[in-house]
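Please describe the packing, the metal site and the loop residues of the model shown here.

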Amino acid sequence: MGVRAGFETLGQEVDVELEVRGELPPWLAGTLVRNGPAKFETDKGSFRHWFDGLAMLHRFGFAEGAVTYRNRYLETPSYLAARDGGHIAYGEFATDPCRSIFSRFFAHPRLRRTSNANVNVTSDGDRDFALTETPIAVEFDRNTLATVGLADYDDALDGHVTTAHPHRAPLSGDLVNYVLRFGRRSAYRLYRQRGLTRVPLASLPVDRPGYLHSFAITERHVVLAVFPLVVNPLSLLLRARPFIENYRWRPELGTRFLVVDQRDGSVVADERTDAFFAFHHINAYDVDGGVVVDIAAYPDSTVVDALYLDRVRGDAELPLAFPTRYEVDLSGGGVRSRRLAEDSLELPRIAYGSHNGRDYRYAYGVGAHDNGTRDFLNRLVKVDVRSGRTTGWHEPGRYPGEPVFVPAPDARSEDDGVVLSVVLDAGVGRSGLVVLDAATFTELARADVPHAIPFGFHGQFRAR
Ligand SMILES: [Fe+2]
């Protein structure tokens with residue numbers, strides 16, 4: 001057993017009522033849907049990287065102190081090819097399609113976009129979508145988790161890559177994201193979305209696109225932190241390497257902050273600072289003459305390599321991210337940075353509904369106990385970004401996933417609510433949902449599911 005159980009294929013799909021130990025707050029009602037990879041091999045080939053596995057949705061239903069659990073694979077063309085054909089038909093993050101399939105397509109098979117939406121979920125009104133880094137959202141039924149189909153955007157915006165972390169614009173409520181099409185002239189094309197229509201907001205040309213997993217938003221601005229893990233688009237088209245292996249770490253380029261005014265799409269700052277890398281932004285907000293951007297920052301991109309399955313299933317060292325603040329001056333004064341806390345932080349979440357894009361105090365995430373690098377992420381952490389103080393939750397042999405903050409109804413403070421985290425108990429090879437009081441970080445309840453849930457990425461809670 002051990003931490004490997006978090007990186008192994010989960011075959012069973014179940015519908016069960018969970019035994020709750022402890023007490024859930026009576027107001028907690030709704031659903032938490034989480035997304036992540038759950039199938040790592042096919043008859044004819046295996047995926048190579050944690051980010052490659054085929055998407056499975058996990059739904060926790062909360063009502064009157066009881067918890068139900070259901071899990072289903074997302075039945076995309078990528079999944080069906082693996083299940084029914086036994087092969088990898090689409091290129092993933094770090095895995096190319098099976099050879100025989102590869103040769104069947106005449107042009108750029110690596111850019112034949114996968115629909116394996118294993119990263120995040122989002123809602124638009126009553127419709128729910130699973131997301132990945134190709135601009136193909138997969139609609140699913142929030143209650144049954146049945147796959148409805150691939151979203152068909154009602155517009156002409158197209159691209160090869162996007163982020164699975166769209167933001168709600170704090171003032172308009174529009175979803176904001178970008179698409180990027182690789183070519184001789186590549187550009188981050190920012191857009192705002194209502195329903196399935198995406199309206200262009202700005203086009204930011206770039207010769208060597210950086211690998212960006214997320215971006216930041218404030219009330220007034222959109223901020224792209226372009227890390228120097230960059231690709232020559234021609235390499236993607238011409239070289240026989242999986243997607244991410246075409247990117248090169250070029251620290252001499254530094255990290256570039258592009259700040260765009262949401263009102264007219266103009267670039268109001270284009271500043272460089274020392275090279276660093278990140279998957280996740282924590283939050284951002286406007287200040288007089290500048291923008292504050294908080295990021296779970298790594299010194300370099302070695303974490304991408306550290307998450308290949310042969311390394312995470314072994315005992316390779318794990319690079320750690322730390323909560324770091326970047327203040328971008330809007331009058332050409334550069335970027336100032338400082339670490340917000342000395343405890344590692346990944347998969348960060350905030351009180352998004354009330355504090356997204358606004359000055360805030362608390363971030364929640366996973367980290368490494370004592371900042372140890374010889375184990376996988378094994379701690380839940382709450383960071384007070386104003387004081388740098390942290391509070392943790394750690395039990396030996398238990399590996400928590402992204403903590404999702406759920407505010408209490410009529411919350412009286414930013415941290416009045418609970419955090420929900422799926423935790424793998426490596427000793428017994430089972431996962432469970434752990435519910436912490438967000439203010440005190442003490443455990444309120446836990447509810448075990450009948451199997452080990454492979455480590456996932458992101459989930460969203462929706463109140464009834
Ligand atoms: Fe992410």
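## Phe 376 and the nonpolar cores

Phe 376 is in contact (heavy atoms within 4.5 Å) with Val 3, Phe 7, Trp 50, Leu 307, Val 312, Leu 318, Tyr 399 and Phe 455, leaving aside its neighbours within four places in sequence. Phe 376 is also among the residues with the most contacts inside the largest nonpolar core, together with Leu 224, Ile 244 and Phe 257. That core has 89 residues. Strand E24 (residues 290-298) gives the most to this core, with 6 residues. Another core, of 21 residues, lies apart from it and includes Leu 32, Val 422, Leu 433 and Ala 445.

A nonpolar core is a set of buried Ala, Val, Leu, Ile, Met, Phe, Trp, Tyr and Cys residues joined through side-chain atoms within 4.5 Å. Buried means under 20% relative accessible area, exposed over 50%, and partly exposed in between (1.4 Å probe, protein chains only). Helices (H or I, at least four residues) and strands (E, at least two) are DSSP runs, numbered from the N terminus.

## Basis of the values

This is a predicted model, in which local features need pLDDT of at least 70 and side-chain atom pairs count only at pLDDT 80 or more, while totals for chains, interfaces and linings use all residues. Residues are numbered from 1 along each chain as its sequence is written, and side-chain values use heavy atoms, with hydrogens and water left out.

## Iron site

The iron ion has four protein donors, His 165 (NE2), His 213 (NE2), His 280 (NE2) and His 458 (NE2), at 2.0 to 2.1 Å. Donors are N, O and S atoms within 2.8 Å of the metal (3.2 Å for Na, K and Ca); water is not among the atoms, so sites may look incomplete. The angles among the 4 donor atoms run from 92 to 160°, and the site is irregular. Four donors count as tetrahedral if all angles lie between 85 and 135 degrees; four count as square planar and six as octahedral if opposite donors are over 155 degrees apart and all others between 65 and 115; anything else is irregular.

The spacing of the donor residues in sequence is H-x47-H-x66-H-x177-H. His 213, in the loop between strand E16 (197-206) and strand E17 (216-217), and His 280, in strand E23 (residues 277-287), are 67 residues apart and link distant parts of the chain. Both His 213 and His 280 are buried.

## Aromatic pairs

The structure holds 32 aromatic pairs. Rings of Phe, Tyr and Trp (its six-membered ring) pair if their centres lie within 6.5 Å; planes under 30 degrees apart count as stacked, over 60 as edge-to-face and the rest as tilted. One of the pairs, Tyr 364 with Phe 441, is stacked, at 6.4 Å centre to centre and 20° between the planes. Tyr 364 is buried at 1% relative accessibility, and Phe 441 is buried at 4%.

## Loop residues

Glu 92 is in the loop between helix H1 (77-85) and helix H2 (99-102). Glu 92 counts as buried because its relative accessibility is 8%. Beyond four places in sequence, Glu 92 touches Phe 47, Asp 52, Ser 78, Thr 114, Asn 116 and Phe 243.

Glu 64 lies in the loop between strand E6 (54-63) and strand E7 (66-73). Phi of Glu 64 is near 50°, a positive value in a residue other than glycine, and Glu 64 is exposed at 79% relative accessibility.
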